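Dear colleague,

Please find the structure below, handed over for your reading.

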Amino acid sequence: MSQALFALFQRDLRIALRRRADTGSALVFFVIVVSLFPLGVGPQFELLRRIAPGVLWVAALLASMLSMPRLFADDHADGTLEQLLLSPTPLALLVLAKTAAHWLASGALLALISPLLALQFDLPARDAGVLCLSLLLGTPLLSLLGAVGSALTVGLRGAGVLLSLLVLPLCVPVLIFGVGAVEASSAGLGVAAQFSLLGAMLVLGLFGAPLAAAAALRIAMD
Amino acid sequence: MNWFKYAAPQRFHPLAGRAVPWFGVAAVLLAVAGLAIALLVAPTDFQQGDAYRIIFIHVPAAWMSMVLYMAMAFWAAMGLVFNARLASMLALALAPTGALMTFLALWTGALWGKPTWGTWWVWDARLTSELILLFLYIGFMSLHAAIDDERRADRAAAVLALVGAVNVPIIYFSVQWWNTLHQGSSVKLGGSSMAAIMLVGMLLMTLAFWMYSFAVVLARARCIILERERHAAWAQGALA
Amino acid sequence: MNWPSFDAFVAMGGYGLYVWGSFAVCALAFAVELLALRQRRKALQALPPADAAGQGAGA
């Protein structure tokens, strides 16, 4: 069974690497949105430093949501999804494998380039590091929640925007604690509490989200 | 008595039809009594003046917004687990009223915040959670509307409602924490404990809102039943 | 009774706009909801009976 899961994981990762335009566009979106904020609020670093955690996190949220439909849409279009539903491997685990591959090609990349973007906001190095870590911990959960939304809206018209509408409210806790960690760091306080909470939510998501997404897929494909 | 026979839309329809007027009358009576207290009898608050009277709508609306969401999630789950169509129809009937209650809670919250705190919007933990609850309601209704196949729509929206219900405590806790961190304000009644008459007024208004919700939700459920079952002979008889 | 006059009642200690703004919007919201339900019911009755899977019973 683990062979099947790993094969699926590898396949999705390979496809993501081949479709560089798809994976790259979410990243470029992230960069552009983050760059728009200084243009909108003015270049005073005082202000930018204060809003940097929030802006970067919200932009990461939006960029993640943008790339989520890709998770099941292509498989739905060419019939692979139906085959996955027929597989003896538990659907929830298959969803987990696909989501993991998707995260590596989207959320993880967003997290890794975030320190560079933090430079635009004159965020101190330590805080930028905390930001990167918070995104590394938080974006998997965003991908998991997005997977549920993706499964619910597979094959629908306007699935992309609808997905964002459904999933963004659920991402509020991740946003709050992700940003909270960076703000605590810049205030000189410890970040253990926020990271623990993010970790706990991630564990909860790892258990619950694949199951919910699997249920949603079966509903969608019946 | 076998209550399960009312799980059939055909039998639920006339039962609900008989119940709606009773709930309506109860709502009106309770509202008259509640409003009398809210507007005429309850004394002016020491700290907030007469602006506090808004709580007689704000609190019942907020309360109903949460109760209706839980009810919606419950019936959606029933429909999903037991494949009971009527349960899904009830969930669908609950959503618009729940969203309306959430909107009223937000609107009255804003109108209460302006004279009390000086701004039209207050990032109070509970108001912010109400805003997110509104988004959850809208999400439920949007997902249902986006899917053409009724049964798929029912069941997909049910999964969403359940995911939302599980998330509501997490969202509330995180917003609470965020609020205290940013030393946000808290929208509540003065320092003094509430006079008994105010509590009675709030109770009456809450019950009035509850009866109103019952009436409206059951009436909407009847419409949904007829819309879905209109090919059946009994439905055509009911519509004639 | 709290109010010495009807004008005082309407003014609500200076907060009339907020208090009546709340109560009025609430009443309006309920009215709209009830109206929408009535419209929905009427629309149902206006529809021609959808074709049954089988033939209609009799005329």
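Subject of this note: chains, contacts and helix packing

Chain C contains two helices and zero strands. Please bear in mind that the whole model is predicted. Its overall scores are ipTM 0.89 and pTM 0.90.

To stay with chain C, buried residues account for 10% of its 59 residues. The mean pLDDT of chain C is 80, with 78% of its residues reaching 70 or more. Residues 52–59 of chain C have a pLDDT below 50, and this stretch has three contacts in the model beyond near neighbours in sequence. I would ask you to read that part of chain C with its pLDDT in mind.

Next, the contacts between chains. Two pairs of chains touch, and the pair formed by chains B and C has the most contacts. In that pair, 27 residues come from chain C and 29 residues from chain B. On the side of chain C that touches chain B, 18 residues are nonpolar, six are polar and three are charged.

Chain A also meets chain B, through 20 residues from chain A and 21 residues from chain B. Four elements of chain A each give two or more residues to the side that touches chain B: helix 8 (125–152), helix 9 (159–167), helix 10 (172–186) and helix 11 (192–221). That side of chain A comprises 17 nonpolar, two polar and one charged residues.

Two helix pairs may be described in more detail. Two packed helices are described by the angle between their axes and the distance between the axes.

The axes of helix 8 of chain A and helix 11 of chain A come within 8 Å and cross at roughly 20°. Since angles under 35 degrees count as roughly parallel, helix 8 of chain A and helix 11 of chain A are therefore roughly parallel to each other. The crossing of helix 8 of chain A with helix 11 of chain A is left-handed. Their contact involves 20 nonpolar residues, four polar residues and no charged residues. Both helices also give residues to the side of chain A that touches chain B.

The second pair lies in chain B. Helix 2 (residues 55–82) of chain B and helix 4 (residues 125–146) of chain B have axes that come within 11 Å and cross at roughly 40°. Helix 2 of chain B and helix 4 of chain B are therefore oblique to each other. Their crossing is left-handed. Helix 2 of chain B contributes Ala62(B), Ser65(B) and Tyr69(B) to the contact, while helix 4 of chain B contributes Glu130(B), Leu133(B) and Tyr137(B). By class, these residues are four nonpolar, one polar and one charged.

Tyr6(B) lies in the segment before helix 1 (9–41) of chain B. Leaving aside residues up to four places away in sequence, Tyr6(B) touches Arg11(B), Phe12(B) and Leu15(B). Tyr6(B) and Leu86(B) are 80 residues apart in sequence, yet their C-alpha atoms are 9.2 Å apart in space.

With kind regards

Note on methods: Residues are numbered from 1 along each chain as its sequence is written. Chains are lettered from A and ligands numbered from 1 in the order in which they are written. This is a predicted model: local features need pLDDT of at least 70, side-chain atom pairs count only at pLDDT 80 or more; totals for chains, interfaces and linings use all residues. Two residues are in contact if their C-beta atoms, placed from the backbone, lie within 7 Å. Ala, Val, Leu, Ile, Met, Phe, Trp, Tyr, Cys and Pro count as nonpolar, Asp, Glu, Lys and Arg as charged, and the others, Gly among them, as polar. pLDDT is the predictor's confidence in each residue, from 0 to 100. Axes are lines fitted to C-alpha atoms, for helices over the stretch in contact, and angles run from 0 to 180 degrees between N-to-C directions. Angles under 35 degrees count as roughly parallel, over 145 as roughly antiparallel, 65 to 115 as roughly perpendicular and the rest as oblique. A crossing is left-handed if the near helix is turned anticlockwise from the far one by less than a right angle, and right-handed if clockwise. A residue is buried if 20 or more other C-beta atoms lie within 10 Å of its own, exposed if 12 or fewer, and partly exposed in between; C-beta atoms are placed from the backbone.
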